Amino acid sequence: MTVAPFDVYRDVVRPEWIDHNGHMNVGYYLVVFDYATDAFFRWVGLDDAHRRTAGVTTFCLEAHVTYHREVQAGDPLRFTTLLLGHDEKRIHYFHQMHHATDGFLAATNELMSLHVSRATRRAAPLAVAVRERLASIQAAHDAVPRPPQVGRSIGLGQRPAAR
């Protein structure tokens, strides 16, 4: 049975991730979300052994982060990942970072990754086995409601014209 959403990766806010405001620095959100991506990619079949054997990797094409509540040194973190979509060369997915004991949503990260040949540094099709695994995951993840942060854009919105 496929887990929906993927709910395996855990971490703890490290003291070196804390900034002058006393909470986790913005840059380390990307670091820890990248660790969650590594765990998710291992689960879908894009682990280190596959990458090495097939001569492939992934590049991030786009990433959006939303921040909801502060986390501080020592706070336990729990990550869930939802597969939003995929095609022959791209994977669109969404992480949620929760405080592992208090349960609150701390941040989200929506990403689009590209599957790449290491030899050419160009987009390359995912292996058939990986595409099949993604299709199986997609079937389960499509039943999960999409979080409101999915597909957000940044901007101030429409303002009335000055008179």
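## Strand β3 and its partners

Strands β3 and β4 (residues 90-99) pair in the antiparallel sense over 9 bridges, where two strands pair if DSSP finds at least two bridges between them. They form a hairpin with 3 residues between them. H86 has I91 in β4 as its bridge partner.

β3 also runs antiparallel to strand β1 (residues 10-12), joined to it by 3 bridges. In this pairing, R10 stands opposite R78 of β3. Strand β3 (residues 76-86) is largely enclosed by the rest of the structure, because 8 of its 11 residues are buried (under 20% relative accessible area with a 1.4 Å probe, protein chains only).

## Model and numbering

The model is predicted: local features need pLDDT of at least 70, side-chain atom pairs count only at pLDDT 80 or more, and totals for chains, interfaces and linings use all residues. Residues are numbered from 1 along each chain as its sequence is written, and side-chain values use heavy atoms, with hydrogens and water left out.

## The chain as a whole

The protein chain has 3 helices and 5 strands, in the order β-α-α-β-β-β-β-α along the sequence. Helices (H or I, at least four residues) and strands (E, at least two) are DSSP runs, numbered from the N terminus. The C-alpha atoms fill a box of roughly 50 × 50 × 35 Å along the principal axes.

Of the 163 residues in the protein chain, 40% are buried. Among contacts (heavy atoms within 4.5 Å) between residues at least 6 apart in sequence, 69% join residues at least 24 apart.

Note on methods. Buried < 20%, exposed > 50% of the residue type's maximum accessible area, 1.4 Å probe, protein only.
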